[in-house]
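This report describes the strands, helices and nonpolar cores of one protein model. The sequence and structure are shown first.

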Amino acid sequence: MRVWIIFLLCLAGQAFAASIVSVSPCMCVRVMPEGGANPVQVETGEFDEAIEIIEEDVNAENPCLNHHCKKGKVCEVDEENTPMCVCQDPTSCPASVGEFEHVCATDNTTYDSSCHFFAHKCSLEGTKKGHKLHLDYIGPCKFIEPCLDAELNEFPLRMRDWLKNVLVTLYERDEENNLLTEKQKLRVKKIYENEKRLQAGDHSLDLLAHDFEKNYNMYIFPVHWQFGQLDQHPIDGFLSHTELAPLRAPLIPMEHCTTRFFEQCDSDSDKYIALEEWAKCFGIKDQDVDKDLVI
């Protein structure tokens with residue numbers, strides 16, 4: 001069974017940003033029975049831009065039943081009753097219920113929903129503008145304050161502690177091995193049972209920095225684990241903009257250093273964040289970067 005988590009703030013958001021006092025209705029835990037051994041994943045359904053799955057078992061009466069198109073496209077049949085994916089008409093998207101369904105794109109335009117955004121993006125397919133257009137963050141476009149250098153240095157302090165507490169929360173709730181694999185549970189168990197572990201809470205930055213220095217080993221696996229949850233399409237040891245979206249899109253409206261932080265992680269500016277770059281962003285030493293920890 002695979003468990004999809006739209007956004008992990010549902011589990012331990014208070015450990016990441018004390019300023020976050022509420023979570024929108026779309027940011028909740030959803031459990032879906034699905035084959036596969038991969039454990040907890042960040043929900044990517046709202047952000048998939050390049051995934052298109054076509055099943056070969058075609059229903060003779062309705063060929064589109066088993067023909068799945070990527071976001072922004074819908075299935076239609078041609079004159080020979082062959083299914084094909086075409087751009088969706090934005091007017092066919094369900095009307096948004098509230099602002100929490102709105103999304104802001106990298107063109108600084110607010111779209112009623114992710115459905116409306118991807119339909120528009122599809123209409124630009126093959127153009128330079130369409131290639132550069134991505135979903136930026138959840139919610140209407142708004143002014144995002146510039147991230148100062150001092151604030152940027154604070155960001156990984158909270159992020160590391162948050163990831164650690166997310167894993168601990170999953171471990172506490174994992175009664176039937178649906179949230180973590182056995183190997184992952186063994187690693188988290190060592191953190192969970194460590195008497196020196198800093199409990200979740202609203203801690204000062206000085207305390208978070210001190211804890212990272214004194215209990216460094218507790219943070220190595222959580223940082224690797226999060227990379228593994230994002231590196232899915234494809235699993236290649238690199239994070240693309242689309243793979244990062246499920247984590248960064250809900251964060252940006254609440255943490256104004258999010259974009260700059262991930263841009264800085266891409267130290268070679270190739271538009272992809274390698275595991276080594278990701279680990280370095282969170283203060284993990286080169287000798288402790290281990291590809292086996294992301295599995």
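Strand S6 (residues 103–105) pairs with S8 in the antiparallel sense over 3 bridges; two strands pair if DSSP finds at least two bridges between them. Within S8, Leu135 is the bridge partner of Ala105. Together with S7, these strands form an open sheet of 3 strands in the order S7-S6-S8, with antiparallel pairing. Strand S7 (110–111) and strand S8 (135–138) stand at the edges, each with a single partner strand, so one side of each has no neighbour in the sheet.

## Basis of the model

The model is predicted: local features need pLDDT of at least 70, side-chain atom pairs count only at pLDDT 80 or more, and totals for chains, interfaces and linings use all residues. Residues are numbered from 1 along each chain as its sequence is written, and side-chain values use heavy atoms, with hydrogens and water left out.

## Overall composition

The protein has 10 helices and 10 strands. Helices (H or I, at least four residues) and strands (E, at least two) are DSSP runs, numbered from the N terminus. Of the 295 residues in the protein, 45% are buried, where buried means under 20% relative accessible area, exposed over 50%, and partly exposed in between (1.4 Å probe, protein chains only). Among contacts (heavy atoms within 4.5 Å), residues 24 or more positions apart account for 64% of those with a separation of 6 or more.

Strand S4 (residues 73–77) and strand S5 (residues 83–87) pair in the antiparallel sense over 5 bridges. Bridge partners in S5 include Cys85 for Cys75 and Val86 for Val74. The two strands form a hairpin with 5 residues between them, and Asn81 in the turn has a positive phi of about 65°.

## Nonpolar cores

A nonpolar core is a set of buried Ala, Val, Leu, Ile, Met, Phe, Trp, Tyr and Cys residues joined through side-chain atoms within 4.5 Å. The largest has 41 residues, and those with the most contacts inside it are Leu180, Leu247, Phe261 and Trp278. Two or more residues come from each of helix H4 (149–173), helix H5 (182–192), helix H7 (217–230), helix H8 (241–251), helix H9 (258–265) and helix H10 (275–281). H4 gives the most, with 10 residues.

A second, separate core of 10 residues includes Phe117, Leu124, Leu135 and Ile138. Leu135 is also the bridge partner of Ala105.

## Helix packing around H4

The axes of H4 and H9 come within 10 Å and cross at roughly 80°; axes are lines fitted to C-alpha atoms, for helices over the stretch in contact, and angles run from 0 to 180 degrees between N-to-C directions. H4 and H9 are therefore roughly perpendicular to each other, since angles of 65 to 115 degrees count as such, under 35 as roughly parallel, over 145 as roughly antiparallel and the rest as oblique. Asp149, Leu152, Phe155 and Pro156 in H4 meet Thr258, Arg260, Phe261 and Gln264 in H9. Beyond its neighbours within four places in sequence, Phe261 is in contact with Leu152, Phe155, Pro156, Cys281 and Phe282.

The axes of H4 and H5 also come within 10 Å, crossing at roughly 110°, which makes H4 roughly perpendicular to H5. Here Lys164, Leu167, Val168, Tyr171 and Glu172 in H4 meet Lys185, Val188, Lys189, Ile191 and Tyr192 in H5.
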